[in-house]
Amino acid sequence: MSRVCSTSANCPWRLAMPRPRETLSSSASLSDDTLPPKVFRSLAELIEEEIGIRLPESKKTLVESRLRRRLRPLGLQNLKEYASQYLETDLLYVEFPDLINALTTNKTDFFREKSHFDLLSEKVIPSFLHEGMGRLRPLRIWSVACSIGAEPYTLAMVLAEHARLTPGFQYTIRGFDIDSEALFKARRAIYDLNYLDPIPETLRSRYLLRARAANNHTFRIAPELRRKVQFFPLNVLTPEWPDEETADIIFCRNVLIYFNRPKQQRALEGLCARLRSGGVLFVGHSESLQGLTLPVRPFASAAYQRL
């Protein structure tokens, strides 16, 4: 989301609904802290076009509650001011990355949908090792829509366990997300203790660091795992990859459910183009590729192999 408009006339994120600025009285009504219907509809169209997330009218209250997070940093009183000063002006392109951060859902857990990690450990990695992947060159794994990093660090634990038992085993992990605040948290790799439960006890002792202060209820991923994971900003609909590298395994789970079918097709076409032949794509168990035209075949539940 580092797009910059050279002139206001060319800014692609300007909402086409100009209206005069209004002076708010001290007795402004509660309606001032809501988005005007036309503004919400235009914003919803923009969000769906740029990042694929659908925001029907039923989501208006949720959107407003999340956008209120932006009022204090901007020194604004209510959403009416936010709309008139940012959403309906050329400043929208400046505000857009922070707006996306406010709207993005970052639901995540370690070992979420554990059966995928079991499949990875018991079948996928041994198969690739048999082909020489991980020895002749590092095995390359990507976590797309990685949120605050729980998924890529889970992958790092699984791969580190194989490296302990397989001398010479090499791997790299990349995490991608559109939310810059989530990526900042992922790089810090510090989590509240309520994230701890899904992580097996043996892995906790090897790969987690507990805070020493009694009142600090956090843990951190061990440095040897943090060094294995790189994080990059990415809009899966208009991806700007850091280089021409392809992946052996791609996790893109529980993000397609927010897209309509054309956007799902577009996003997955881009991912398949960066997945090597024989590589494996994981999607969420609630997601389906049925009806999409993609160069993959079913491999396991919610997992597909690149042709």
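Two strands count as paired if DSSP finds at least two bridges between them, and the strands themselves are DSSP runs of at least two residues, numbered from the N terminus. On that basis, the bridge partner of Ile 173 in strand S6 is Val 229, and this pair belongs to the five bridges that join strand S2 (residues 171–177) to S6 in parallel. The model described here is predicted, and it contains an open sheet of seven strands with mixed pairing as well as an open sheet of three strands with antiparallel pairing.

**The seven-stranded sheet**

- The strands of this open sheet follow the order S6-S2-S1-S7-S8-S10-S9, and their pairing is mixed.
- Strand S6 (229–233) and S9 stand at the edges with a single partner strand each, so that one side of each is left without a neighbour in the sheet.
- From one strand to the next, the twist averages 25 degrees.
- Helix H11 (residues 261–273) lies across strand S1 (139–144), strand S7 (247–251), strand S8 (275–282), S9 and S10, and its direction is at about 135 degrees to that of S8.

**The hairpin of S9 and S10**

- Strand S9 (residues 296–300) and strand S10 (residues 303–306) run antiparallel and are joined by four bridges, with Arg 297 standing opposite Gln 305 in S10.
- Two residues lie between the strands of this hairpin, in which Ala 302 takes a positive phi near 60 degrees.

**The three-stranded sheet**

- The order in this open sheet is S3-S5-S4, with antiparallel pairing, and the edge strands, each of which pairs on one side only, are strand S3 (190–192) and strand S4 (208–210).
- Neighbouring strands of this sheet are turned against each other by 35 degrees on average, when direction is ignored.
- Three bridges join S3 to strand S5 (residues 218–221) in an antiparallel arrangement, and within S5 the bridge partner of Tyr 191 is Phe 219.

**The packing of helices H2 and H5**

- Helix H2 (residues 60–67) and helix H5 (residues 92–103) have axes that come within 8 Å and cross at roughly 120 degrees, which makes H2 oblique to H5.
- The crossing of H2 and H5 is right-handed, and the contact is made by Val 63, Arg 66 and Leu 67 of H2 together with Leu 99, Ala 102 and Leu 103 of H5.
- Sorted by class, the residues in the contact of H2 with H5 comprise five nonpolar, no polar and one charged.

Conventions: Residues numbered from 1 in each chain as written. Predicted model: local features only at pLDDT ≥ 70, side-chain atom pairs only at ≥ 80, totals over all residues. Heavy atoms only, no water. Axes fitted to C-alpha atoms, helices over the stretch in contact; angles between N-to-C directions. Contact = heavy atoms within 4.5 Å. Parallel < 35°, antiparallel > 145°, perpendicular 65-115°, else oblique. Left-handed = near helix turned anticlockwise from the far one by under 90°. Nonpolar A, V, L, I, M, F, W, Y, C, P; charged D, E, K, R; others polar.
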